[in-house]
Amino acid sequence: MHSKVSIIGAGTAGLVAGRELASRGIGTVIYDQKKELGVPVRASGIISINGLKMSGIAYESAVTNTLRGARIHAGGRIMHINAREPVAKVLDRKRLSDICEYEAEHAGAKITKGRRITGQMMDRLHKDSIIVGADGAVSNVATHFGMGPVERYVLTYKAEFNVDIDDPGSVDLFFDKRAFPGLFAWMCPNAKDLLEVGVGVDSGKANSKKAIERFIAMKEVKEMVGSAKMIDNGASMIPLRMRKRIVDPDKRVLLVGDAAGQVKGTTGGGIVYGSAAAIMAAQAIHDNISNGKSLSEYEKMFRKRYGSDLRLHTSINRIYSSLESRTVGRMISVMNFLGMDSFISKYGDMDLPSLLIKRFFLRGLV
Ligand SMILES: Cc1cc2nc3c(=O)[nH]c(=O)nc-3n(C[C@H](O)[C@H](O)[C@H](O)COP(=O)(O)OP(=O)(O)OC[C@H]3O[C@@H](n4cnc5c(N)ncnc54)[C@H](O)[C@@H]3O)c2cc1C
C-alpha cells in the first residue's frame, strides 16, 4: 500500500492532479525543472467554458477575452460559426499556471521547483511512491517506464501583435494541406488589442518557423497586422495522438496531460482532456490506496468517457490533413449551402464532437 505520490511536471495537468490528490488526503510532491512555473509561455489559451468548469480551476481572473465564433478558411471559402452564447474563454497562460499552483499548494501538495528528475531519481522516488508522469509532450517518465511512443507530433510557432481588432469575439482558422500540413494556422484575439498568430505543422513535413513567416505574409494576416511590431514569439510542440498505454498498474505509473497525449486531434487543445484525466487519475489512486482497486481503473474511466471523442477528433484531423485546400473549400461551400454552418453554430461542442453527430442524427439539419 502506497500513500505517497510523486508527480513529475507542474504544468496544468500535474498541478490539477496535485490539487486533487492532496485534497483527498494523499501525501503529494510535485517536481518541476523550472524555477518559475508557467514561463516561457509557448501555448495559446483558448478553452471551452464547459471544459473550464469541469477542470475545477478558479480561472476567472486569467480571462483576457471571450469567444463565441470562428471563421474557417480553406481554398478561398469561409465558413462562419457563430454561437448564440459565448463558447470559450481566452486565458493568460502564465496567470492560469499561477492559479493552478496556488490551488495545488493550498490543497496541501508540496511543489519542488528547479529540480529536473532524471531516470535514476525516478527509480528512487518509485521505491516508495506512485509516479504520475505529467512532464509534457516529450515525456521522460513515459520513456523511462516503457509506456510506448506518441505516434504523431505537430510543431508550432506563435507570435503576438499589438493591434486593434474589429471583431474580438471570433477566431480565424486557415486550413491548407501544403502550407500547414497536419494542423492549421490561426489568428486569435487574445484581447481586443492583442492578436495572436500561430501555425501548427506536421513534425516530419514542415518547418514551423518558415510556415509562420509564410502565414504572416498572407493577405488576410497582413491586413490585420499592418506594420505592428511582433511582441512575442516562440516554438513548441503538441502530441497529436494518445499513447497506447497511459497506466502501468504493476509498475504503479500513470501518465496525464501531454505526457499521455491527451490532446484533441482537431485543434491540439489539451487543457480540458488533461485536467479531466488528472482528476480521474487522482480518483483511481485514491481508490487504489484506500480499497485496493487497480490503478488501471484510471485508463478505463478515461477511455469510457473520452475515447470515442478522441477517436473522432483524430478522424476529423486525418480528413482535413489529407485533402487539398480547394477540396476543403468546396466542402465548406456545400456545408454552407446545406445549413451546416448554422447547425454547428447551434449544436457544436469544442471538446465533444460526438455530441454534434448525435444531434445531427436525432434532429437532422435545422
Ligand atoms: C502553440 C500551442 C497552442 C496551444 N493552444 C491551446 C489552446 O488554445 N487550448 C488548449 O486547451 N491547449 C492548447 N495547447 C496545448 C496545451 O498547452 C497543452 O496541452 C498543456 O499545456 C499540457 O499541459 P501538461 O501539464 O500536460 O504539460 P506541460 O504544460 O508541458 O507541463 C510539463 C511540465 O513538466 C516539466 N518537466 C518536463 N520534464 C521534467 C523533468 N524531467 N523533471 C521535472 N520537470 C519536468 C516542464 O518543465 C513543464 O513545466 C497549445 C499548445 C501549443 C504548443
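**Note on helix packing and selected local features**

1. Proline 168 counts as buried because 20 C-beta neighbours lie inside 10 Å. The term buried denotes 20 or more other C-beta atoms within 10 Å of a residue's own, exposed denotes 12 or fewer, and partly exposed covers the values in between, with C-beta atoms placed from the backbone. The structure is a predicted model, in which local features need pLDDT of at least 70 and side-chain atom pairs count only at pLDDT 80 or more, while totals for chains, interfaces and linings use all residues. Residue numbers start from 1 along each chain, following the sequence as written.

2. Proline 168 is placed in the loop between strand S10 (153–162) and strand S11 (170–174). Helices (H or I, at least four residues) and strands (E, at least two) are DSSP runs, numbered from the N terminus. Leaving aside residues up to four places away in sequence, proline 168 touches Asn65, Pro189 and Lys192; contact requires C-beta atoms, placed from the backbone, to lie within 7 Å. The C-alpha atom of proline 168 is separated by 9.2 Å from that of leucine 194, 26 residues apart along the chain.

3. Helix H1 (residues 12–23) has eleven of its twelve residues buried, so it is largely enclosed by the rest of the structure. The buried residues are Thr12, Ala13, Gly14, Leu15, Val16, Ala17, Gly18, Arg19, Glu20, Leu21 and Ala22. They pack against S1, strand S2 (27–32), helix H2 (49–55), helix H3 (93–107), strand S9 (130–133) and H8. At 1.5 Å a residue, H1 should span 16 Å, and its end C-alpha atoms are 16 Å apart, which agrees; the expected span is 1.5 Å times one less than the number of residues. Just after H1, glycine 25 adopts a positive phi of about 80°.

4. The axes of H1 and helix H8 (residues 271–291) come within 8 Å and cross at roughly 35°. Axes here are lines fitted to C-alpha atoms, for helices over the stretch in contact, with angles running from 0 to 180 degrees between N-to-C directions. The crossing of H1 with H8 is right-handed; a crossing is right-handed if the near helix is turned clockwise from the far one by less than a right angle, and left-handed if anticlockwise. On the H1 side, Thr12, Ala13, Val16, Ala17, Glu20 and Leu21 take part, and they meet H8 residues including Gly274, Ala278, Ala281 and Ile285. By class, this contact of H1 with H8 holds eleven nonpolar, three polar and one charged residues, where Ala, Val, Leu, Ile, Met, Phe, Trp, Tyr, Cys and Pro count as nonpolar, Asp, Glu, Lys and Arg as charged, and the others, Gly among them, as polar. As background, an α-helix has 3.6 residues a turn, so residues three or four places apart point the same way.

5. Valine 5 belongs to strand S1 (residues 4–8). Is valine 5 buried or exposed? Valine 5 is buried because 27 C-beta neighbours lie inside 10 Å. Beyond residues up to four places away in sequence, its contacts are Leu21, Ile26, Thr28, Ser129, Ile130, Val132 and Ile285.

6. H8 also packs against H9: their axes come within 8 Å and cross at roughly 145°, and this crossing is right-handed. Tyr273, Ala276, Ala277, Met280, Ala281, Ala284 and Asp287 in H8 meet Glu297, Tyr298, Met301, Phe302 and Tyr306 in H9. The residues of this contact of H8 with H9 comprise ten nonpolar, no polar and two charged.

7. Where is the kink in H9 centred? The kink, of about 60°, is centred on tyrosine 306; the bend at a residue is the angle between axes fitted to the seven residues ending there and the seven starting there. Tyr306 is among the buried residues of H9, which also include Tyr298, Phe302, Leu310 and His313. The 26 residues of H9 (residues 297–322) should span 38 Å, and the end C-alpha atoms are 35 Å apart, which agrees.

8. Isoleucine 344, in helix H11 (residues 340–347), is buried with 20 other C-beta atoms within 10 Å. Its C-alpha atom is separated by 8.5 Å from that of asparagine 82, 262 residues apart along the chain. Leucine 352 sits in the loop between H11 and helix H12 (353–363) and is buried, with 21 C-beta neighbours inside 10 Å. The C-alpha atoms of leucine 352 and aspartate 309, 43 residues apart along the chain, are separated by 5.7 Å.

9. The peptide bond from valine 39 to proline 40 is cis, with omega near -10°, and proline 40 lies in the loop between S2 and strand S3 (46–48). Arginine 252 has phi near 60°, a positive value in a residue other than glycine. Arginine 252 is in the loop between strand S15 (247–248) and strand S16 (253–255) and is partly exposed, with 18 C-beta neighbours inside 10 Å.

Conventions:
Two residues are in contact if their C-beta atoms, placed from the backbone, lie within 7 Å.
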